[in-house]
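Please examine the sequence and the structure shown below before reading on.

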Amino acid sequence: MTAAYATLGEMLTGRSLAAGPRTLHRLPGGAESAPYELFTLTPQTNLIGAEISGIDLREPVTPELFAELDRALLEWKVLFFRDQNLTGTQHRDFARLWGELEIHPFLPQGEVPEIVRFAKDAENPGVENAWHTDVTWRERPALGSVLRALEVPAAGGDTMFADMAAAYDNLSDELKARIDGLDAIHDFTLPFGQFLSADELARRQAEFPPVAHPVVRTHPRTGRKTLFVNAVFTTHIVGLDAAEGEELLRQLFQQARIPEYQVRFHWATGSIAFWDNRATQHYAVNDYFPNRRVMERAAILGDRPVR
C-alpha cells in the first residue's frame with residue numbers, strides 16, 4: 001500500500017473499515033478463466049455477478065450447457081438471467097439440475113412444493129432486508145438458490161449480493177488467526193420462531209435443532225475459504241463468553257456491508273438470479289413498501305460445511 005493510502009487508513013482507524021485498495025480475487029489462486037461458448041456472459045462487477053444471455057431456460061439444458069453454467073456459477077458466484085418466463089415446474093426442473101431441492105418448513109409454497117413464494121405488499125411487508133445466507137440452520141445448508149421475479153414494483157426492490165470469500169481474504173492476519181477453528185451455532189428460531197405457537201415451536205426445534213458450522217468454511221468445489229456466519233441465523237460462537245462472542249460476530253457480520261464485495265441486481269418481470277449460497281450473502285432491499293413484489297425461490301440442498 002502506498003504511503004498516501006497508509007496515512008488515510010491510519011486517519012480513519014476506529015471510524016470506519018479500512019480505506020484504500022482491497023484484495024479482490026474472483027478466482028482461486030492459480031485458476032484462469034476460460035471463454036464460454038454456449039452463451040454470452042457479461043460481468044456486472046470485476047469480482048461478483050454476471051448476466052447470462054443467449055439461452056432460453058425453458059428449453060432442455062444439455063450436459064454441455066450445464067457444465068458451462070456450473071463453471072460460471074463457481075466463477076462469478078451469482079448469475080443473472082433476463083426475460084425467462086418460466087412456469088413453477090420449469091423453475092423447479094432447472095434448479096433440480098444441481099441437486100435435491102428442499103421443501104421449506106416455514107415459508108409459503110408456490111405453484112409446486114419445492115418452490116417458496118415471497119408475496120410482499122402493504123399487508124405483508126418484506127422482512128428479508130438483512131444480510132444473510134439461506135437456511136444455514138440446516139445441517140446441510142443450501143448449495144444455491146434460484147429466485148424468479150413474477151411481479152415487481154415500478155421502482156425499488158433490488159437484491160444485493162456479497163462475496164464472502166473476498167470478505168475473508170481482506171480480514172487481518174490477526175483476525176483470521178482468532179477465528180481459525182471456531183464454530184458458530186445457527187438456529188431458525190430468531191426469524192421464524194416468533195410466528196409459531198409454543199407447541200409448534202417446540203416441535204420444530206426438535207425437528208431442526210440448532211446446528212454448529214465452522215465460522216470459516218472451505219468451499220467444496222473451489223477450495224476458497226469463506227466467512228460463514230450471518231446476522232439472521234447465527235446466534236453465538238461456541239466456546240466464547242457471550243460478550244466476547246457477540247463482539248466478534250458483529251465484526252464479522254460487518255464484512256458483508258463493504259461495497260467492493262457487492263453486486264446489486266435490478267429486477268424485471270421474468271428475471272432470475274441464481275447464487276452460490278456457499279460463497280455469498282444477500283440482502284433484499286425493502287425500498288418499495290407498500291407496493292407489491294412477488295418472487296419465487298427454489299433452494300438446492302448442499303453439503304455439511306467443513307473447514
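What percentage of the 307 residues in the protein chain is buried? Buried residues account for 50% of them, where buried means under 20% relative accessible area with a 1.4 Å probe, counting protein chains only.

## Basis of the model

The model is predicted: local features need pLDDT of at least 70, side-chain atom pairs count only at pLDDT 80 or more, and totals for chains, interfaces and linings use all residues. Residues are numbered from 1 along each chain as its sequence is written, and side-chain values use heavy atoms, leaving out hydrogens and water.

## Overall form

The protein chain has eight helices and 15 strands. These are DSSP runs numbered from the N terminus: helices are H or I with at least four residues, strands E with at least two.

## Strand pairing

An open sheet of three strands runs in the order β8-β7-β11, with antiparallel pairing; strands pair if DSSP finds at least two bridges between them. Because β8 (211-214) and β11 (234-237) each have a single partner strand, they stand at the edges, and one side of each lacks a neighbour in the sheet. Strand β7 (residues 183-186) pairs with β8 over four bridges, and D183 has P214 in β8 as its bridge partner.

Strands β1 (residues 40-43) and β2 (residues 50-53) are also joined in the antiparallel sense by four bridges. T40 has S53 in β2 as its bridge partner. Six residues lie between the strands of this hairpin, in which G49 takes a positive phi near 95 degrees.
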